[in-house]
Amino acid sequence: QVQLVESGGGLVAPGASLRLSCTASGGTLGRSAMGWFRQVPGKEREIVAAVAWHGAAPYHADAVKGRFSISVDSAQSAAYLQMNNLKPEDTAVYYCAAAKFMVCSGYGCADLRKYDYWGQGTQVTVSS
């Protein structure tokens, strides 16, 4: 059973950067689409960014476009989320997810219902 583990969250000031990492244990992700989602208390989990296993044509939500960047290392069964110019509204628990063998491109990778494996989440807090 594949397990995903996120790391890299923390407390930062507005304008700072963080890089979230997601690694797999108990198996390989192979040709899995990877996604980053986030959730704040009382709200639904939302897509942040997603990409197919080959890393081409990533999708980024409008709220993070130009500031965040998703990347994958399929050989290492890992995914990353580079977050720059963080804002207080980015404060949330960030989740990594994998969709085994999902073929997708762009927005087609963004449907959280299609993801099979989820990490436990990492807290990102942006505050002065």
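Which cysteine does a disulfide join to Cys104? The partner is Cys109, with an S to S distance of 2.0 Å; a disulfide is taken here as a pair of cysteine sulfur atoms within 2.5 Å. The structure is a predicted model, in which local features need pLDDT of at least 70 and side-chain atom pairs count only at pLDDT 80 or more, while totals for chains, interfaces and linings use all residues. Residues are numbered from 1 along each chain as its sequence is written, and side-chain values use heavy atoms, with hydrogens and water left out.

A search of the whole structure finds two disulfides. In the pair Cys104 and Cys109, the torsion about the S-S bond is about 100 degrees, so this disulfide is right-handed. Both Cys104 and Cys109 are buried, where buried means under 20% relative accessible area, exposed means over 50%, and partly exposed lies in between (1.4 Å probe, protein chains only). The other disulfide is formed by Cys22 and Cys96, whose sulfur atoms are 2.0 Å apart. Its S-S torsion is about -75 degrees, so the disulfide of Cys22 and Cys96 is left-handed. This pair links distant parts of the chain, as Cys22 lies in strand S3 (residues 18-25) and Cys96 in strand S9 (residues 92-100), 74 residues apart. Strands (E, at least two residues) and helices (H or I, at least four) are DSSP runs, numbered from the N terminus. Cys22 is buried at a relative accessible area of 1%, and Cys96 is buried at 0%. With the bonded cysteines of the protein numbered in sequence order, the pairing is 1-2, 3-4.

Strand S3 also belongs to an open sheet of four strands, in the order S1-S3-S8-S7, with antiparallel pairing. Two strands are said to pair if DSSP finds at least two bridges between them. Strand S1 (3-7) and strand S7 (68-73) stand at the edges with a single partner strand each, so one side of each is left without a neighbour in the sheet. Neighbouring strands of this sheet are turned by 15 degrees against each other on average, direction ignored; the axes are lines fitted to C-alpha atoms, for helices over the stretch in contact, and angles run from 0 to 180 degrees between N-to-C directions. Strands S1 and S3 run antiparallel and are joined by five bridges. Cys22 in S3 is the bridge partner of Glu6.

Strands S4 and S5 run antiparallel with five bridges between them, and Trp36 has Ala49 in S5 as its bridge partner. The two strands form a hairpin with six residues between them, and Gly42 in the turn has a positive phi of about 85 degrees. Strand S5 (residues 46-51) is mostly covered, five of its six residues being buried. Two bridges join S5 to strand S6 (residues 59-60), again in antiparallel fashion. Here the bridge partner of Ala49 is His60.

Ser32 is located in strand S4 (residues 32-39) and is buried, with a relative accessible area of 3%. Apart from neighbours within four places in sequence, Ser32 is in contact (heavy atoms within 4.5 Å) with Ala52, Trp53, Ala98, Ala99, Lys100 and Phe101. Phe101 lies in the loop between S9 and strand S10 (117-118). At 60% relative accessibility Phe101 counts as exposed, and it has a positive phi of about 60 degrees although it is not a glycine.

Asn85 likewise has a positive phi, of about 45 degrees, without being a glycine. Asn85 sits in the loop between S8 and S9 and is partly exposed, with a relative accessible area of 41%. Asp90 is in the loop between strand S8 (78-83) and S9, and is buried at a relative accessible area of 0%. Not counting residues up to four places away in sequence, Asp90 touches Arg38, Val64, Arg67, Phe68, Asn85, Val124 and Val126.
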